[in-house]
Amino acid sequence: MPIDEKYAGKWARPSGHPDDQVMVHSSAVSPERPEGTIISSPKGWYDAGDYNKYIVNSGFTIGVLLSLYEDYPVYMRQRSIHIPESSNKTPDLLDEIYWNVAWMLTMQDPADGGVYHKLTTPEFEGFIKPVDCKKQRYVVAKSVTAALDFAASMAQVSRVYKDYSEDYPGLSEVALSAAKRAYEWALKHPEQLYQQKKMNETHSPAIQTGEYGDRSADDEFFWAASELFITTGENIYLQTAIEYAPENYTVPVWGNVYGLGTFSLVRYQDQLNGKGKELADKLQQQLLVYADSAVMNADQSPYAAPYGRVAQDFFWGCNSDAASNQGMTFLYAYRLTGKKIFLQRLCIIWIVFWVGMQPDTVMSQGSELKVR
């Protein structure tokens, strides 16, 4: 959409990528949508440093943001972020999330419930404005990870937006139906992982943009089944969640979403009973074991931080993929136990990374942070 000066100031710009003339790639064909079919798939969020839109990363991000709302609904209802929807009766966070949810819903094939892995140009655009991008865009290959991340996040959408039907009539029902259909498709295609190099050997044009591939969909099955169980209460989903439940807690990241299922089940554990409660209790214990281990001896590490102890901790995307997501884990551990050590280490992680990005800052070894 165009970013008006009223909201963006000097960052105002015209709209780019309307995505109303998106082509079905040869890898994504179905009887109802042969190669070259034109579909409309507007809205959504650009990804990291490019203009493409990816279901796997979108689903993870939606899951994180909806968890923020579910954990702190009163706080989020009080926040205004100055967007066109700020005057309606829905929290601004959910209005912003909906912009991407609306796009994700267009990425489901209405014929079979499968979900396209991404919407992309064959190659990355250059460093140009969105309005200047002219390359043809495609929906590419359905994948089991896209279907399950879609199912999980749409199950969350269904229960969260149920309270905001005045602004978003029917969304809760549409999202749940879409989630169930995507989940059923995944059950029928459990091995259909997205493998871009292999795909390019038999399909054209070759796709060279972000792969967001995976080696296993076990964690996605767990997350999707967990969210669908919480939303519907149906034991068929609980059985799958138990089957795919992790043995140990891992910090959530787009390629390993066990943690998002853990967050949701722990959040709702007081409303669960039987095997659902048993599973939630087990996952809570795993999370706390990890949290205790992560903060152990942090005082003896650089900057007194539980993250960033070795050089290998600093990689592309580590601010989000590792540091901030570990911080979310400590936030849950603090809420569950009331132990201030988790809140303190959470704050230190974010201070260290924020301070480290400031040019006029001195950081000292040990537990002190000296900021000019």
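Predicted model: local features only at pLDDT ≥ 70, side-chain atom pairs only at ≥ 80, totals over all residues.
Residues are numbered from 1 along each chain as its sequence is written, and side-chain values use heavy atoms, with hydrogens and water left out.

The protein chain contains 13 helices and five strands; helices (H or I, at least four residues) and strands (E, at least two) are DSSP runs, numbered from the N terminus. The radius of gyration of the protein chain is 21 Å, close to the 21 Å given by the globule rule for 372 residues, so the chain is as compact as a globular protein of that length. This radius is taken over C-alpha atoms, and the rule is 2.2 Å times the number of residues to the power 0.38. The C-alpha trace spans about 60 × 55 × 45 Å along its principal axes. Of the contacts with a separation of 6 or more, 68% are accounted for by residues 24 or more positions apart, a contact being heavy atoms within 4.5 Å.

Of the 372 residues, 50% are buried (buried means under 20% relative accessible area, exposed over 50%, and partly exposed in between, with a 1.4 Å probe and protein chains only). The accessible surface of the protein chain comes to about 18,000 Å², and carbon and sulfur atoms contribute 53% of this area. Accessible areas come from the Shrake-Rupley method with a 1.4 Å probe; for residues, only the protein chains shown count as cover.

The five strands form an open sheet of mixed pairing, in the order S2-S1-S5-S4-S3. Its edge strands, each pairing on one side only, are S2 (38–39) and S3 (53–54). Two strands pair if DSSP finds at least two bridges between them. Strand S1 (residues 22–24) is antiparallel to S2, with two bridges, and Val22 stands opposite Ile39 of S2. S1 also runs parallel to S5, to which two bridges join it; here Met23 faces Tyr138 of S5.

Ala141 is located in S5 (residues 138–142) and has a positive phi of about 30 degrees although it is not a glycine. Its relative accessibility is 10%, and Ala141 therefore counts as buried.

Helix H10 (residues 258–267) is likewise largely enclosed by the rest of the structure, because ten of its ten residues are buried. Among them are Tyr258, Phe263 and Arg267. The cover over the buried residues of H10 includes helix H2 (55–71), helix H5 (144–160), H8, helix H9 (235–244), H11 and H12.

In the loop between helix H7 (196–200) and helix H8 (218–232) lies Pro205, which is joined to Ser204 by a cis peptide bond with omega of about -5 degrees. The loop between helix H11 (274–295) and helix H12 (318–337) holds Asn297, a residue other than glycine whose phi is positive, near 65 degrees. With 51% relative accessibility, Asn297 counts as exposed.
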